[in-house]
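Could you walk me through this model in my viewer, one selection at a time? I would like to know what to click on next and what I will find there.

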Amino acid sequence: MEETAAGHAGDLTVIAFVILVAVLAGLGLMRLRQPPLVGFILAGVLLGPSGVGLVSTSDENVTMLAEMGVLMLLFFIGMELSLKAFVATLRPALLIAGGQLAAAMAITFGLKLISNATFAEALILGFIIALSSTVVAMKMLEDIGELRSEPGRIAVGVLIAQDLAVVPMLLVATSLGGEGEIAWFSLCLKIAVAVVVLAGLLWYLGRRPKLKLPFAAAIEDNVEILALGSLAFCFAFASVSGLVGLSPAYGAFIAGLVVGASTLRSPVIHVVEPIQSILLVVFFLSIGLLIDLDYIVANWELVLVAAIFVILAKTFFNVVLIRLAGLSHKTAIEAGLSMAQIGEFSFVLAAAAYASRAIGDDVYRLALAVTAITLLISPAWMALTRTVEGEARFGYEQFRQALAEIYEGQVETVEDMGFWLKVRARALRRAYRRRQAVRKAEKARSADHEPGSAAARSSESGTPAQ
């Protein structure tokens, strides 16, 4: 009995320590203005086999909780989905998401031509690269105040389209493994059924008022029953979906759509959100456990080049595709940068493909490493690129204005190259002086509004500053 009690006490100590490290890592990343989920991944790396070895990747409890976290994430996305907003952005969202997938496939199948990668590996790597992180992108857009504006609406529409595409991607990833012949007819039939059911449900829910679920009036004020009933509803749909050959994640998303279209939407979101947050922490911790630091150190050049290439390529294609969809430059930059990373569902895809032997060990470890690094550097990349792009656009406008002022009343002669260069040098100097003046004015305004400044004290007291 004493040994059993000591064992339980040790397990509780480990759990408490893991939670403490995860919280501290999340808080640390928040202080650095990064998404806390990045801290949870780093905590998993620190506590996993690549770190101190406190938590094992073979721990079935961790795996089960992580899978529940994925189901809860899809359930929550389904509940929060605004059908009207999604339908409004449906056409550009589908065009952009389809273009992202096509660009990713072009990259991975291009690499296949110069490597010994298999068809399945090229296909699944294309899936993995095409997806972006819903959690990270929405957090970054919220931080810059664009989540409710056009860049946020477009990005959210594209991210939802990607999340919907995860279901057929998972079906393909789990069907490409093994040594037998792929049952393409069965696979295509499953994907067709999933798409038809989802499209029919969206059409049905979008045409009618809020659903009234059984016992809704009796349980909407009972927090315990509402939380348990919501979890049971989510996992029941996930189980049925898995039993009929579709992905459990698909069933969880369908359950979220049904609850989101009912009168219980707001109370269910209120009680389920804390549970979802806890399970997502476990999910991102489990991602950190899977990252092999030894592999990254041994192949750091390959991993670094692949991560930088993915970030740059996704940024470029995102901006181009959003512009081709007829949206503004500002929308393309903000929304495109927010989706430059590889998403959390890419971990799920990689794990499913690896379990079915569709991808090899090296490809699996490379996919995990690159995905984790893009999640880590994506917020910093967005901040840097927005700053540089903003400065460049401001400088260009000032240069054009200064050039127009200098040329006013003059006729440019193409033959006189010295005059051409001299005028543009003067315009650059004038634009630079104006930029410096704007910066000084901005610093003066920020200093006047700082607590304790003379202007701030005078505004608080109602007396003019001396």
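Welcome! Keep in mind that this model is predicted. Select Ala216 and show its surroundings: setting aside neighbours within four places in sequence, Ala216 touches Thr263 and Leu264. Ala216 belongs to helix α10, which covers residues 216-219. Is Ala216 buried or exposed? Ala216 counts as buried because its relative accessibility is 10%, and the cut-off for buried is under 20%.

**Second stop: inside α5**

Next, select Thr108, a residue of helix α5 (residues 90-113). With a relative accessible area of 5%, Thr108 is buried. Which residues does Thr108 contact, leaving aside those within four places in sequence? They are Ala122, Leu125, Gly126 and Ile129.

Finally, colour α15 (residues 300-324) and α16 (residues 329-338). These two helices pack at an angle of about 145°, and their axes are 8 Å apart. The crossing of α15 past α16 is right-handed. To see the contact itself, show side chains for Thr315, Asn318, Val319, Ile322 and Arg323 on α15. On α16, the partners are His329, Thr331, Ala332, Ile333, Ala335, Gly336 and Leu337. Colour the contact residues of α15 and α16 by type and you will find six nonpolar, five polar and one charged.

Methods. Residues numbered from 1 in each chain as written. Predicted model: local features only at pLDDT ≥ 70, side-chain atom pairs only at ≥ 80, totals over all residues. Heavy atoms only, no water. Axes fitted to C-alpha atoms, helices over the stretch in contact; angles between N-to-C directions. Helix = DSSP H or I, 4+ residues; strand = E, 2+ residues; numbered from the N terminus. Left-handed = near helix turned anticlockwise from the far one by under 90°. Contact = heavy atoms within 4.5 Å. Nonpolar A, V, L, I, M, F, W, Y, C, P; charged D, E, K, R; others polar. Buried < 20%, exposed > 50% of the residue type's maximum accessible area, 1.4 Å probe, protein only.
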